[in-house]
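Welcome, and please load the model in your viewer.

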Amino acid sequence: MAVKTATDKKVAKKRVIPASVTRKLEGSIFAAPWIIGFLVFMLFPLAYSLYMSFQQVRILGTGIEITPVGLKHYRYIMLENANILYNQLFPFLRQALIMIPIILVFSLLVAIILNQNFAGRGFFRSIFFLPVIFTTGQVVREFMNQGEGDIGFIQRYNITSIIGQNLDPTWASPLIAVMGSFVLVLWYSGVQILIFLAGRQTISSSVYEAARIDGASPWEVFWKITLPGMVPFILLNLIYTTVDLFTFPTNPILTQVTSANYGQSSALAWIYFVIILVFLGIVFWLFSKAQKASGLAANK
Amino acid sequence: MTRLITAIKDKRVDQINWRLGLTKARYLILGKEADKGLLFRAFIYLVLIDVAYIYLNPILFMIVTMVKDSADLLDPSVIWVPRTIYLGVLQDAWEKLRYPKQFSISLMLSLGVAVLQTISCAVAGYAFARLEFPFKRFWMFCLLLTFIVPIQVTILPNLIAASQLGLMRTYWPIVLPALFGHGLKGALFVIIYRQFFSTQPKELEEAAKIDGANVFKIFYKVMLPLAKPAILVVFLFSFVWTWNDYYLPSMYLNGVKDVPLSLGISQISAMLSQQAAEFGPSIFDEPLKMATAFLIILPPMILYAFTQRWFVEGVERTGLVE
């Protein structure tokens, strides 16, 4: 009897801390490493590089010499010297605008095909995941330099000159560049195929069965079931592709961020980051607008 | 009367037979559900083989170019099948890369980062998926922010910090963030784990809790064993991406003698273009580059060959997204 009261007391003492607080404590312990890492490896460098972008930074043997210069770097990059940002940025943006839809459509198509049941599926799947392994590396750059990226028929049918004659040069040159490395565009779609393939698994097969019983044609099934079901993954892929393209280390603008001039490089990196945010914002806006429009169409 | 009826019946049967034949033929060519017909099959295989060719072409080209000797290289009629298999270039690349040395550095670095990220991102992902902590929504926003911040925005302060702490030309600046669930694409891995854990049924944890397990035990004994597909996907991604990454090593390991393979290959290609500028290009430049590229992708290829079955399955089961 006495023993029991003792344990009761123990339990009672433990319960002084409310359960919600212990839960929060446990959660904090799990989240703590990541949060510490975020503060040290992300927030501090972010803040410091923002600070540096307003300074003239010189690394000397004795230490770092910092003199405030205000908006000088920003003015220099954005107004005085077009070489650093604009000459690289606009062709790149146009190229990205062409590349992103191609990557998305291609990876959606491949993912839907790979989801079918057919002989040799495993074999093709393992080939199609190869890009995931290589695209991050130096190897792709080697291929790009080798000219392994183009498709043969471009030279054969002289498509370049046709495009050049019929299109504004500002749009013709990025289009030609994309076509010239079309294969590489496909190489960039590895992770996107993965995401679509995983996303396709979330649409339950009973929906397809019901549609079949109701006599829907496969064409209708694709437009009315598969595509609406994939919308969240299309958005996810859109974000992933944008971020991936914009932060690729071989990206022409980012290669200019060097340790040669800390202040100016920081300013450039920040301008570029803001551009990425704006671009993502536009993507989101367009996407929500498109979704609203299609939603209205469906309601009619 | 009865004769008339049988006649009509016969005619009907005839019609039905004729129709049956037609439908059968249609099913064979177009398929019952349009994704099972011959025509569609042929189309699918056409697309698949085309794309597979596109993906395999550079790799095959790389291997073929690598084993050509000088006669084959100069002969434009030799494209895909070299007359002799010449391994001298490969050997040259092996020595120039100091392969055994650089290979072991790459292996240690990638393994270290991959193991650390696999563990630390799982912990963070579990916290984001299932646990409560103060300002969770704010930290979630920070996670997404981490995902979209280009590495170049934070690299310069990190460089300064590393040099102030005397960590330049060591591997610490690359490995240390991985310990905290950051580092190369760390945010993506946390997101993958978060998605995975949030799709798991809550009943398992509740049952374990009723059995008296604390949160650490639940994570270690219940959730981690469940997360095998996610662990495999994250580990493979992390390993391969660290293996291929040359940006971080080129920033932190400037001027170090023993570098990982990814940096070694870019040093060789820089050296080759310098030589080409001085003495004119050599026919062996391209095969040498291809040979170094081959040597660097060979280990991840082998790793992928062994794990791809689980990897493909894992990707589907992780629900990577949702």
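In which sense, left-handed or right-handed, does α6(B) pass α9(B)? Select the two helices and look along the line that joins them: the crossing of α6(B) over α9(B) is left-handed. Please keep in mind throughout that this is a predicted model.

**Stop 1: α6 and α9 of chain B**

With both helices still selected, compare their axes. They lie 8 Å apart, and the packing angle of α6(B) and α9(B) is about 135 degrees. The two helices are therefore oblique to each other, since angles over 145 would be needed for roughly antiparallel. Now show side chains at the contact. From α6(B), pick B:Leu143, B:Thr146 and B:Phe147; from α9(B), pick B:Ala187, B:Leu188, B:Val190 and B:Ile191. Colour the residues of this contact by class and you will find six nonpolar, one polar and no charged.

**Stop 2: two loop residues with positive phi**

Stay in chain B and select B:Lys185, in the loop between α8 and α9 (186-199). Phi of B:Lys185 is near 55 degrees, a positive value in a residue other than glycine. Is B:Lys185 buried or exposed? B:Lys185 counts as buried, because 24 C-beta neighbours lie inside 10 Å.

Next, move to B:Arg169, which sits in the loop between α7 and α8 (172-179) of chain B. Here too the backbone has a positive phi in a residue other than glycine, with a value near 60 degrees. The surroundings of B:Arg169 include 15 C-beta neighbours inside 10 Å, so this residue counts as partly exposed.

**Stop 3: B:Ile231 in helix α12**

Select B:Ile231, which belongs to helix α12 of chain B. B:Ile231 has 20 C-beta neighbours inside 10 Å and therefore counts as buried; the cut-off for buried is 20 or more.

For a sense of scale, draw a distance from B:Ile231 to B:Asp75. The C-alpha atoms of B:Ile231 and B:Asp75 are 49 Å apart in space, and the residues are 156 apart in sequence.

**Stop 4: zoom out to the whole of chain B**

Switch to a cartoon of chain B, with its 15 helices and zero strands. Chain B has 322 residues, of which 38% count as buried. Of the contacts in chain B with a separation of 6 or more, 74% join residues 24 or more positions apart.

**Stop 5: chain A and its strands**

Now bring chain A into view. Its cartoon shows 15 helices and two strands. Of the 300 residues of chain A, 26% count as buried. Among contacts in chain A with a separation of 6 or more, residues 24 or more positions apart make up 76%.

Select strands β1 (residues 55-59) and β2 of chain A, which pair in the antiparallel sense over five bridges. Strand β2 (residues 64-68) of chain A lies largely in the open, because zero of its five residues are buried.

**Stop 6: where the chains meet**

Display both chains together and select the interface. How many residues of chain B are in contact with chain A? The contact joins 69 residues of chain B with 72 residues of chain A. On the chain B side, the elements that give two or more residues are α2 (38-66), α5 (99-130), α6 (136-148), α7 (151-164), α12 (228-244), α14 (261-279) and α15 (285-318). Coloured by class, the chain B side has 48 nonpolar, 13 polar and eight charged residues.

**Stop 7: a helix pair across the interface**

Show A:Phe124, A:Ile127 and A:Phe128 from α5(A), then B:Leu48, B:Ala52, B:Tyr55 and B:Leu56 from α2(B), to see the residues that make the contact. By class, this contact of α5(A) with α2(B) has seven nonpolar, no polar and no charged residues.

Key. Residues are numbered from 1 along each chain as its sequence is written. Chains are lettered from A and ligands numbered from 1 in the order in which they are written. This is a predicted model: local features need pLDDT of at least 70, side-chain atom pairs count only at pLDDT 80 or more; totals for chains, interfaces and linings use all residues. Two residues are in contact if their C-beta atoms, placed from the backbone, lie within 7 Å. Helices (H or I, at least four residues) and strands (E, at least two) are DSSP runs, numbered from the N terminus. Ala, Val, Leu, Ile, Met, Phe, Trp, Tyr, Cys and Pro count as nonpolar, Asp, Glu, Lys and Arg as charged, and the others, Gly among them, as polar. A residue is buried if 20 or more other C-beta atoms lie within 10 Å of its own, exposed if 12 or fewer, and partly exposed in between; C-beta atoms are placed from the backbone. Two strands pair if DSSP finds at least two bridges between them. Axes are lines fitted to C-alpha atoms, for helices over the stretch in contact, and angles run from 0 to 180 degrees between N-to-C directions. Angles under 35 degrees count as roughly parallel, over 145 as roughly antiparallel, 65 to 115 as roughly perpendicular and the rest as oblique. A crossing is left-handed if the near helix is turned anticlockwise from the far one by less than a right angle, and right-handed if clockwise.
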